[in-house]
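Here is a short briefing for a first look at this structure. The points below are grouped by topic.

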Amino acid sequence: MDDVAKYAKAFFIIGSNTTEQHPVFGTMLRRAVKFRGAKLVVADPRRIDITDFATLHLRQRPGTDIALINGLMYIILEKGWQDQAFIDERTEGFDEFKATVMQYPPDKVSETTGIPVEQLYEAAEIIGVNKPTAVMWAMGITQHIVGVRNVMDLGNLQMLLGNMGKPGGGVNPLRGQNNVQGACDMGGLPNVFTAYQSVTNPEVIEKFSKAWGLDSGPRTVDGKTVRGLSSTVGLTVTEMMPGILYGRTHSLYILGEDPVMSDPDTKHIRHCLEQIDFLLLQEIFPSETSVYADVLLPGVTFAEKTGTFTNTERRVQMVRKAIPTQGDARDDWWIISQIAKRILAGTSERVQTEAPYSSWDYADQSAIMSEINALTPSYGGITHKRLEAGERLQWPCPTADHPGTPILHTKQFTRGRGKFAPIDHVPPAERPDDDYPMLLSTGRVLYHWHGGQMTRRAKGLMEVYGEALIEMNPNDAEKLGLNGKNMVRVTSRRGMIEAQAWVTDRVPPGMVYANFHFPNASANELTHASLDPVAKIPEYKISAVKVELV
Amino acid sequence: MINLKINGQPIQAEPGKTILQVTKEHGIHVPTLCYHKDLNPTGNCRMCVVEVKGGRFLSAACVTPIWEGMEIQTQSEKVTKDRKLTLELMLANHPQDCITCDVSGECELQDLAYEYKAAAPAWGSKGTRYPVDSDPNPFIRVDMNRCILCRRCVSACAEIQVRDVWGVAKRGFDEVIVPGAGTTMLEARCESCGQCVAYCPTGALSNKMNYGKARAHQMTKVTTTCSYCGVGCQFDLLVKNEKVIGVQSNPNAPVNGMALCVKGRYGYDYIHHPERLKKPKVRRYLLEGKKKPRDDGQWTMDNGQSSTVNGLWDWVETEWDVALEITAKKFAQIRNDFGADSMGFLTSAKCTNEENYLMNKLARQVVGTNNIDHCARL
């Protein structure tokens, strides 16, 4: 983040409300614009706060990002602003990609996106001429049925401009949660072990089987078949939940998450959770999800635990215990270990105890990190000891004497040459129609966090932002007969919420914006579970709704 | 390189530097108050004055560039007397209430007054000039009586947060720091990041949430990483009597330095919220070995308030051993009945790497399924 803020000549922010969602990084960008004269292009349907600092604000129609990006690349190619040397030396698939981009001339793109042609030219010039340009995005790009395609197309843009692997350039997804990067790195995904080692790769299975004391294939003990590691890709959260209804998922162990608030289509999620055989929830507060839990185990907050978080730039940092565990709550790692040990006690034939990492007896958190070091190439040299000694480490950091890697892909891409992917525009899954004429987008606000379990319990934050507000354009408000603040009812095919309207030109006409911080009016009552086919991410950013006065 | 002499000692320094930068590099102590390394120097408090040979007045070290042949005295009698007088002028308009002030012990004005043995002069102002706790911002306590007009808050808001909430109104004796055009902070578009508090050298701007809870020497500081977004800001948790009473910027934080946002700096009170779960709970049907009660249309799930189905869905607080044993048995049984792939694990982007690794190991090694995910998509 530091290199981006310091060296980028221009920024292209698309689908990130940076100053509200990553506030401290947002201020770094503001400083770069104001004091260093960096140019800033923001593409967002909403007039979010960072647009105050933008050289140019593009207000594309929601769900037309690919058309916009392709349109910009068309102009870049037309004007010859691409980095041909980079394309020739470091990439492949350029011709096929170019053929696709050529289908997106400015007038056609303008029609699709609603952005005037001259703004497209202006944006392409800022992004194309100022090198390096850093591209930043967040959930505004990914929470679409075309989330993966959006991201790949931004990769195309940066390869086209030769902005990859350079300080101040690159593709910079801003990770939402404090340790979402770490949860992914640690194998909290259905297709990979730690450090993205594939669950379908026989060598990887062999490695983890040996380490954890399992057989790589099925084995018979006393007439019973013992299965080793599964080589089938597992289910994503967006597949597990509906899986409850047709008997595919029978139990869930949820650690510190609140799917009733954070998953799309709340009514459906509630219906699923009502049907589950057994739900274990490990939490710090009773939540909307705990209503459905069979067992509720009290974990601890970050102030009570020792360990590491990995931030959006792959920087691993210490979390240090400041206060004793509250009440009879327990360390989360202890709880997980206890459950593991107790399940294993009933199936002792499963694990061969002589294997180096078969055991669940950890002296403390740094012992867990030692095991991570041994099995996770990119974390090989990241120990608590080094971090406590003040070293600043970003993975990949394979060995104990490696200094870490602040910037990836400086010499070559992981796969060797960067591959251009031809990407076409696909319209969103649900579009406004006669019954539901408005478009709803969702997200968070500065003063609250996700499902709101923490921030709704912070007194001062509630004083500043104490209830759900529906952002609505003055034109729509006038049509509806709203006069100042009034309650509105927003209905979609899934559900209904009632909340105060905030009449503001932050949102364009025809669009409303709602958050999911408050259980009595959560936007996820309205959203739908149409998924990106690859990432299985729901299209939170676009639902069709109708708005009425209450 | 430029040749100059500080206190008679010959020194070489790069051109373009200020006197203060050179003295800092050479470990020569020059007191400062309005100066802060993160902010552009404004040279208005006159604490860092030094004597430059040939100069008509004393020069503020923080804004005076060096030149060839410059001769500087940093501790001459003239300099020390002048600094003491500056402090006395500040103290003349500063309440003599260190004994009840929240930042006593961390106050830069107090430290300098101590260093220079400066006391409030007999002719100093006696009453309060401004309302105490004058702004309704829920996080930031404003007491302009304690302000020494150093303008660090103005610079911090303009240069770090880039929000320009604070400004200077009026002139001379009436000069005062105000938000916006004399409005409230929030009306002046304050984002409540607390940067102004972090940079304030006195108790003029302090934190409402821990006001009166502890002074510097009564608390311990633990450096840790924020639990909100993915930027990875670090800060110090302030702890007194085993309770988190506040958050303070740690200037050595790798990503953010002194900067924090409203959630990171002021969103910590959930830690000691009375609703925290403090005991394991299980539904009564599990303790009684009965079947899970199902929604039959007459009964809907709620948080155990409903007593239909004979209270089988009520929460019962138990010991850890009971809750863990019930859980492990249930999981073992479900794996036995429906196979490992009938079980799902949602790990947490709020938890540590170590905990996430263990969830991955639990699902894969102990249970034998790859059904593990978290809220990265949500």
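Two strands pair if DSSP finds at least two bridges between them. With that in hand, start where the chains meet. This is a predicted model.

**A strand pair across the two chains**
- In S13(B), the residue opposite Leu296(A) is Lys281(B).

**The contact between chain A and chain B**
- Chain A puts 126 residues into the contact, and chain B puts in 104 residues.
- On the side of chain B that touches chain A, helix H9 (residues 353–367) gives the most, with 13 residues.
- That side of chain B has 53 nonpolar residues, alongside 28 polar and 23 charged ones.

**A three-stranded sheet in chain B**
- Chain B has an open sheet of three strands, in the order S10-S11-S12.
- The pairing in this sheet is antiparallel.
- S10 (220–225) and S12 (243–249) of chain B stand at the edges.
- Each edge strand has a single partner strand, so one side of each has no neighbour in the sheet.
- On average, neighbouring strands of the sheet are turned by 35 degrees against each other, direction ignored.

**Inside that sheet**
- Strand S11 of chain B (residues 234–240) pairs with S12(B) over six bridges, in the antiparallel sense.
- Which residue in S12(B) is the bridge partner of Leu237(B)? The partner is Val247(B).

Definitions and conventions: Residues are numbered from 1 along each chain as its sequence is written. Chains are lettered from A and ligands numbered from 1 in the order in which they are written. This is a predicted model: local features need pLDDT of at least 70, side-chain atom pairs count only at pLDDT 80 or more; totals for chains, interfaces and linings use all residues. Helices (H or I, at least four residues) and strands (E, at least two) are DSSP runs, numbered from the N terminus. Axes are lines fitted to C-alpha atoms, for helices over the stretch in contact, and angles run from 0 to 180 degrees between N-to-C directions. Two residues are in contact if their C-beta atoms, placed from the backbone, lie within 7 Å. Ala, Val, Leu, Ile, Met, Phe, Trp, Tyr, Cys and Pro count as nonpolar, Asp, Glu, Lys and Arg as charged, and the others, Gly among them, as polar.
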